[in-house]
Each structure stands twice: as structure tokens, then as C-alpha cells.
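Student: I have a model open and would like to learn how to read it. Please take me through it feature by feature.

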Amino acid sequence: MDTIEFIQAALKEDVGSGDYSSLACIPSGAMGKAVLKIKEDGIIAGINLAQQIFLFIEPAATLVFYKKDGDKVSSGEVAFEVSASIHTILMAERLVLNCMQRMSGIATITRKYVDAIKDYPAKILDTRKTAPLFRQYEKEAVRAGGGHNHRMGLYDMVMLKDNHIDYCGGIEKAIELTHNYLRKNGLDLKIEVETRSIEDVRRVLKAGGIDRIMLDNYTPAQLEEAVALIGGRFETEASGGITLDNIVEYARTGVDFISAGAIIHHAVSLDLSLKAGKL
């Protein structure tokens, strides 16, 4: 779903047959201005999407920006102001706020994870634990917060997880069949394999032919052992049970990536509001 399709579907859900509150009491030609007020400290995200929403409804709308996606913001500041038909402003208000509050919450918690390990080379990755049909914007918010995107979906990278391996009959067989499939179908995709033990790591190293090894639910001590065993032959990714309280312990191991679903599914929306002004 591209952005225009998303906006169309979201407005259809919210506006339906008409914004009767506005139609009832605001003249159709009335023009107005509104400002996006920041009511909580954090990292702002979703400004680009907000602009697209306003311009989709009213191409002649004008916006003046005081912040950009990824900026650190403080309560009381203004992110942007918009001048447009009052009907446009009121129709766009809830969609803009819902998107920006959600995205800013994700960017804010992502920045906390990124800052926590700023002294180490590990990069923070997101996951596929996202809201249906809003993934591209949640992942955009992760980037605004300084994190990095893992695969966008099931189509742009092969990840052989525990269930794939168990259903298939083992790590070696899963890797072999994957290579055969990619070759047969002319697909050039990176391959990541999930491991659950040091023995799994040894089996992956022996099989070879992959790009990244996921080290799932390892303790920091186990992770350090696994990273040393891999010795830079493949990228390494730590996953599972990693929080702000223990992330530094994991980053110290020398692992390349740390994936954290919590930067999206545990994010708390940032408090924002769209307030009427005068032209």
C-alpha cells in the first residue's frame, strides 16, 4: 500500500460519508490556520506524512515547518503551521495526530536505545512486529530515531527461524533447500539463520552459505562466546529479552546488530495537538 492509498483508506474510515460536525457549523469557503503543538519532550516523526495528508485533501494548502523528522523537541514548541480551508484542517486533524503521535513515540524510544549503546558499534534494528498496514511509517519512525530497518517483510530477505528449521528437519537441510529455491527462481536475497545454542552456531558455520546469524535468547556471556566463535565470518544479530536495562551488556559483546521489537510495539505515543489559529 503506497501513501496515497493509505491516506484514502484512512480518511474513508474516519470521514465516511461526511464530516458533519464541520459541515454543520463552518461555512464551506472559510479559511483558517492551525499549529501543531508539542506537549511532551521527545523525538518528532511523521511531519512528512502530515504534509502529504494535508496536500492530498487540499493541494493548495500551505505549510510552514519549524521542525523536521528526527529532531529533538520539547514541550511548548511548535512543529509546523498549516493554512488551508477550515474543513480541510478539521478533516485532517485526527489522522495527522494519530500518525504523528504514534510515529513520534516510536522515534523517541528508538533514540533511547540508540543513545544507550552509542559507545559501541552495534546497530539497533526493528522487527516485523508492527501494526498491519502501518509498517512503512513505523519503520520510517525507527529511522527518525536513529535506528535501522530489518527486512520490510517476508519478501526482501530470507530468515530461517526456529519454526522453519523445525518444520524442515534441521539447519543444514533448511539452508540447502533455500539455496536451491533461490537459484531456481533467480532470487538474490540475503539469508539469515536463527540459532538457539552454541551447537546451532557450529552447525551453521559448518554449512556456510549464509549472510547473518541470529543469536536468539542468549545471555550476554553466551552471546560473547558465540560472537568470538563466528569470528567475523558472518554478520551477527542478538535478539530476545533485550531491554534498556541490559542492552549495554549485549552491545559490549561485539555483536553487529541488536534487534528489539519493543522499539515499536512498546512505544507510547507522544502527546501532540493541532490547535486553531487566525489567518
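Tutor: Start with secondary structure: helices (H or I, at least four residues) and strands (E, at least two) are DSSP runs, numbered from the N terminus. Here Phe-54 is found in helix 3, residues 47-57. This is a predicted model, in which local features need pLDDT of at least 70, side-chain atom pairs count only at pLDDT 80 or more, and totals for chains, interfaces and linings use all residues. Residues are numbered from 1 along each chain as its sequence is written, and side-chain values use heavy atoms, with hydrogens and water left out.

Student: How many helices and strands are in the chain?

Tutor: The chain has 11 helices and 12 strands. Its C-alpha atoms fill a box of roughly 70 × 40 × 25 Å along the principal axes.

Student: Is Phe-54 buried or exposed?

Tutor: Buried means under 20% relative accessible area, exposed over 50%, and partly exposed in between (1.4 Å probe, protein chains only). Phe-54 has a relative accessible area of 0%, so Phe-54 is buried. Of the 279 residues of the chain, 48% count as buried.

Student: Which residues is Phe-54 in contact with?

Tutor: Contact means heavy atoms within 4.5 Å. Leaving aside neighbours within four places in sequence, the contacts of Phe-54 include Phe-80, Val-82, Ile-89, Val-96 and Leu-274. For the chain, take contacts between residues at least 6 apart in sequence: 70% of them join residues at least 24 apart.

Student: Where is Thr-236 found, and what does Thr-236 contact?

Tutor: Thr-236 is found in strand 10, residues 235-239. Thr-236 counts as buried because its relative accessibility is 3%. Beyond neighbours within four places in sequence, Thr-236 is in contact with Arg-212, Ile-213, Leu-215, Val-227, Ile-230, Val-255, Asp-256 and Phe-257.

Student: Where is Ala-267, and which residues does Ala-267 touch?

Tutor: Ala-267 is in the loop between helix 11 and strand 12 (272-277). With a relative accessible area of 13%, Ala-267 is buried. Not counting residues up to four places away in sequence, Ala-267 touches Arg-102, Gly-105, Ile-106, Ile-109 and Ala-262. Ala-267 and Ile-109 are 158 residues apart along the chain, yet their C-alpha atoms are separated by 6.3 Å.

Student: What should I look for in phi?

Tutor: Phi of Leu-133 is near 70°, and Leu-133 sits in the loop between strand 6 (123-125) and helix 5 (135-144). Asn-217 has a phi near 60° and lies in the loop between strand 9 and helix 9 (220-230). Leu-133 counts as exposed because its relative accessibility is 61%; Asn-217 counts as exposed at 53%.

Student: Which residues lie nearest the centre of the largest pocket?

Tutor: On a 1 Å grid over the protein atoms alone, a pocket is an open set of points where a 1.4 Å probe fits, with protein on both sides within 12 Å along at least five of seven lines; lining residues have an atom within 4 Å of a point. The largest pocket is lined by 25 residues, of which Thr-127, Lys-129, Ser-239, Ser-259 and Gly-261 lie nearest its centre. The elements that give two or more residues to this lining are strand 9 (212-216), strand 10 and helix 11 (262-265).
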